[in-house]
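Here is a friendly briefing to read with the model open beside you.

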Amino acid sequence: KKYADHIRNRGISQFLSIYNKTKDRENDNLLWGDEIEYMVIAYDDENKNAKLSLRTSDILHKLQKEVEETFRKGELVEVSWQPEFAAYMIEGMPGIPYGSNLKSLLRVEQNMKLRRATAFKCLSKNESIITLTNFPRLGCPGQFLEPHHEPFGPKLKSSFVPDEVINPHIRYQSLNNGFSSRLGSNVVINIPIFQDKKNQNLFPDRESALPGHIYMDSIAFGAGCCSLQVTIQACNIREARKLYDQLAVLGPIM
């Protein structure tokens, strides 16, 4: 906190410096890539249950080690990996960006299949990766995590999800701490649900819960969702602005 304003001011100065140096640059190649966030699921066939696996730190370590070894050998790195907010998530992307020709488009599905196959080599026999936006039982009463942890830890202070869902990486621990510190209170999320004769107040014992709403009390319910993202390098800043304005509208629809 002591240095926060200094860092902000230096960040703005750095941005303006880079902007002024590059704003007139023209004819950059169209380069792009996708990032897919996966959930790791642990299946319990005997009890017919599926849970979120909190083992992604170990999985990610193996995947990144494989990338480093490939790079050291001087071979082409086709797949890259990085952590995400939740300890049950991993993010995979192509090792080199796609371009603007048809051959690049044909690489996309091939690379997505390669990512999935590469990840499976580092999973346990009872584990799989899925690409749903959200895990349907996240925060439900009972066991939805493997291994199980009780909710209402000192960091998230959530009635539904434990602190262990936050990735141990310092980036995500700091993100949560900073968010909680600035907010000064617990997260309150109320999502209205479709009303019919059978509906009832789902969270009568929660003071912050509104009747006829789905109530959530943690940033894990947002940051713990998985998405498909696309990063695009335009040919100049005018094209980048046009793309941004159009995708800001189309993105949520798609």
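Strand β2 and strand β6 (residues 145–146) run parallel and are joined by two bridges. This is a predicted model, in which local features need pLDDT of at least 70 and side-chain atom pairs count only at pLDDT 80 or more, while totals for chains, interfaces and linings use all residues. Residues are numbered from 1 along each chain as its sequence is written, and side-chain values use heavy atoms, with hydrogens and water left out. Helices (H or I, at least four residues) and strands (E, at least two) are DSSP runs, numbered from the N terminus.

- Two strands pair if DSSP finds at least two bridges between them.
- Asp44 sits opposite Asn49 of β2.
- The hairpin of β1 and β2 has four residues between the strands, and Lys48 there takes a positive phi near 50 degrees.

- β1 (residues 31–44) and β4 run antiparallel, joined by four bridges, and Tyr38 stands opposite Ile90 in β4.
- β3 (residues 79–83) and β4 are antiparallel as well, with five bridges; here Gln82 has Glu91 in β4 as its bridge partner.
- A hairpin is formed by β3 and β4, with five residues between them.
- Is β4 buried or exposed? Six of the six residues of this strand (residues 89–94) are buried, so β4 is largely enclosed by the rest of the structure.
- For these labels, buried means under 20% relative accessible area, exposed means over 50%, and partly exposed is in between (1.4 Å probe, protein chains only).
- Both faces of β4 are covered, with Met89, Glu91 and Met93 buried on one side and Ile90, Gly92 and Pro94 buried on the other.

**Salt bridges**

- How many salt bridges does a search of the whole structure find? The search finds nine, a salt bridge being a side-chain nitrogen of Lys or Arg within 4 Å of a carboxyl oxygen of Asp or Glu.
- One of them joins Glu127 and Arg55, whose closest N and O atoms are 2.8 Å apart.
- This pair links distant parts of the chain, 72 residues apart: Glu127 is in strand β5 (residues 127–130), and Arg55 is in the loop between β2 (49–53) and α2 (56–72).
- Glu127 is buried at 8% relative accessibility, whereas Arg55 is partly exposed at 22%.
- Glu66 and Lys121 also form a salt bridge through their side chains, at 3.7 Å from N to O.
- That pair links distant parts of the chain too, 55 residues apart, with Glu66 in helix α2 and Lys121 in the loop between α3 (102–120) and β5.
- Glu66 is partly exposed at 29% relative accessibility, and Lys121 is exposed at 61%.
- Asp205 and Arg206 meet in a further salt bridge, 2.6 Å from N to O.
- Asp205 is exposed, with 59% relative accessibility, while Arg206 is partly exposed, with 22%.

**Cysteines**

- A disulfide is a covalent bond between the sulfur atoms of two cysteines; the cut-off used is a pair of cysteine sulfur atoms within 2.5 Å.
- Searching the whole structure turns up zero disulfides.
- Cys122 is in no disulfide, and the nearest cysteine sulfur, that of Cys226, is 18 Å away.
- Cys122 is buried, at 9% relative accessible area.
- Cys225 is likewise in no disulfide, and the nearest cysteine sulfur, again that of Cys226, is 7.5 Å away.
- Cys225 is partly exposed, with a relative accessible area of 22%.

**A nonpolar patch on the surface**

- Which residues form the nonpolar patch on the surface? They are Leu30, Leu228, Val230, Ile232, Leu247, Val249, Leu250, Ile253 and Met254, with about 900 Å² of accessible area together.
- Patches are made of residues with over 30% relative accessible area and no salt bridge; like charges are joined within 9 Å, and nonpolar side chains (Val, Leu, Ile, Met, Phe, Trp, Tyr) within 5 Å.
- Accessible areas come from the Shrake-Rupley method with a 1.4 Å probe, and for residues only the protein chains shown count as cover.
- β9 (228–233) and α6 (237–253) each supply at least two residues of the patch, and the largest share, four residues, comes from α6.
- Val249 lies in helix α6 and is exposed, at 54% relative accessibility.
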